[in-house]
Amino acid sequence: MSERSTITPFEQMAAGPLTAAGIEIFQINLGYRCNLECRHCHVEAGPKREEVMSRDVMEMCLRILQTHPIPTIDITGGAPEMHPGLSWFLSRCATLKRRLQVRTNGVILLEKEFAHFLDFYARIGAEVVVSLPHMDMKITDRQRGAGVYSKVIEVIRKLNDRGYGQTGGGLVLNLVHNPGGAYLPGLQGSLEEHYRQALQEKFGIVFNNLFCITNMPIGRYLSYLRETDNYEDYMTALVNAFNPATLAGVMCRKTLSVAWDGRLYDCDFNQILGMTVNHGAPDRLSVFEWPKLVSRRIVTGNHCYGCTAGAGSSCAGRLAEIDQPAC
Amino acid sequence: MADYYEKKDLADFANIGEYSPKLGKKYFDYYGEATKAGALSAREKALIALAVATTQKCPYCIDAYTNSCLSLGISSEEMMEVVHVGAAMVAGVVLAHSTQMRKIIKKKEM
């Protein structure tokens with residue numbers, strides 16, 4: 001099925017429109033090029049993608065950050081390292097003295113051409129977020145590609161050597177868990193404990209936090225759901241697990257997502273769906289207007305159920321405490 | 001038979017307190033307390049629940065707890081191990097009941 005017409009419209013379920021409550025995270029997507037082609041990737045990133053942020057758009061991002069009190073800069077992609085201007089851009093971001101984090105697939109940092117970013121991230125104090133969907137090698141490799149699990153373990157070790165993930169080390173290393181199939185993520189606390197124990201015992205490596213992120217029914221993951229006849233069950237699971245307690249913290253309310261071409265979105269998922277900021281707020285960097293953006297009405301759709309199911313989901317993991325996993 | 005054990009009925013589980021809301025609430029409070037992490041972890045309890053679900057042959061519970069186990073990062077090998085624990089227990093329970101049979105045989109045979 002292409003779209004569930006019987007699904008309750010999200011704004012109706014949420015008892016009204018969502019509105020932004022400031023901009024605390026400026027999430028910059030540098031482009032969709034990646035050295036991997038993960039099966040759950042909502043961006044459908046890969047080696048053949050050609051979308052890359054221009055220097056002009058990067059300059060615009062910096063000007064807006066310089067002149068507005070946005071505490072967190074969140075760099076994502078694709079693989080940010082494949083952007084030829086990443087070092088320059090991050091150096092400029094670092095001078096702004098904001099919280100700066102980079103979402104990396106990890107394995108690219110083992111390639112000779114990109115290995116220098118390990119030291120570079122440490123030198124500028126960037127927080128690093130690495131995807132490790134599952135503690136089971138088979139499941140991670142099935143989702144992200146053969147050999148990825150072992151490479152991510154190796155990268156975490158290298159990051160640990162540079163002070164990342166260590167208690168009191170000061171450099172933050174967070175991991176991301178995504179379900180390896182058509183089911184919702186479990187309790188973040190339980191999974192984090194499992195990851196921490198298993199990574200320590202098997203490999204002697206450490207991290208700071210585990211973010212559990214629900215797979216969004218868009219992009220490559222949507223294709224998977226449809227091809228395996230799981231789409232309807234998955235959407236039903238998301239809707240049945242709707243948790244109003246997550247609404248206060250959904251990331252769109254405090255995040256502005258900037259695409260490679262300078263267009264503005266309420267979140268990275270809307271970006272991929274082409275649903276720009278709307279309802280009277282400016283939809284591109286070139287006409288950025290702080291007052292309109294900080295209280296804008298959020299553009300929603302059925303995919304928003306992905307962020308509000310169970311404990312909720314965001315780029316920083318769960319949004320609410322629950323005792324039982326949603327299923 | 002077509003109306004029995006419909007997959008969509010799993011979502012109706014939340015309504016089992018209908019016609020008896022007071023007892024329904026007491027049940028859900030108890031269920032929630034009993035199954036959440038305590039001295040045993042959420043993972044251990046989900047595996048126990050899966051073993052019970054399969055031995056009791058409840059399709060709703062098997063659906064719910066297979067998903068719970070997947071969500072909690074439990075591997076298919078771990079899940080199959082608890083199914084075998086359940087199967088071994090059920091087999092043991094059946095065989096243990098042969099004691100009654102054997103006692104009767106010994107009493108009755110000349």
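At what angle do α2(B) and α3(B) pack, and how far apart are their axes? Select these two helices: they pack at an angle of about 155°, with their axes 9 Å apart, where axes are lines fitted to C-alpha atoms, for helices over the stretch in contact, and angles run from 0 to 180 degrees between N-to-C directions. The model is a predicted one, in which local features need pLDDT of at least 70 and side-chain atom pairs count only at pLDDT 80 or more, while totals for chains, interfaces and linings use all residues. Residues are numbered from 1 along each chain as its sequence is written, and chains are lettered from A and ligands numbered from 1 in the order in which they are written.

**Chain B as a whole**

Now select chain B, which has five helices and zero strands; helices (H or I, at least four residues) and strands (E, at least two) are DSSP runs, numbered from the N terminus. The C-alpha trace of chain B spans about 60 × 40 × 35 Å along its principal axes. Buried residues make up 18% of the 110 residues in chain B, a residue being buried if 20 or more other C-beta atoms lie within 10 Å of its own, exposed if 12 or fewer, and partly exposed in between, with C-beta atoms placed from the backbone.

**Back to α2 and α3 of chain B**

The angle of about 155° makes α2(B) roughly antiparallel to α3(B), since angles under 35 degrees count as roughly parallel, over 145 as roughly antiparallel, 65 to 115 as roughly perpendicular and the rest as oblique. To see where the helices meet, select B:A46, B:L47, B:A49, B:L50, B:A53 and B:T54 in α2(B), together with B:C61, B:I62, B:Y65, B:T66, B:S68 and B:C69 in α3(B); two residues are in contact if their C-beta atoms, placed from the backbone, lie within 7 Å. By class, this contact has nine nonpolar, three polar and no charged residues, where Ala, Val, Leu, Ile, Met, Phe, Trp, Tyr, Cys and Pro count as nonpolar, Asp, Glu, Lys and Arg as charged, and the others, Gly among them, as polar.

**On to α4 of chain B**

On the α2(B) side the contact includes B:L47, B:L50 and B:A51, and on the α4(B) side it includes B:E78, B:V82 and B:G86. The contact of α2(B) with α4(B) has nine nonpolar, three polar and one charged residues.

**Where chain B touches chain A**

Next, show both chains: the contact takes 16 residues from chain B and 18 residues from chain A. On the side of chain B, the elements that give two or more residues are α1 (21–35), α2 and α3 (59–71), and α3(B) gives the most, with five residues. That side of chain B divides into six nonpolar, eight polar and two charged residues.

**Two stops in chain A**

Select A:S54, which lies in the loop between β1 (25–29) and α2 (55–67) of chain A. A:S54 counts as partly exposed, because it has 13 C-beta neighbours inside 10 Å.

Finally, select A:I205, in the loop between α7 (188–203) and β6 (209–212) of chain A. Is A:I205 buried or exposed? A:I205 counts as buried, because it has 21 C-beta neighbours inside 10 Å. Leaving aside its neighbours within four places in sequence, A:I205 is in contact with A:I153, A:I156, A:R157, A:N160 and A:L199.
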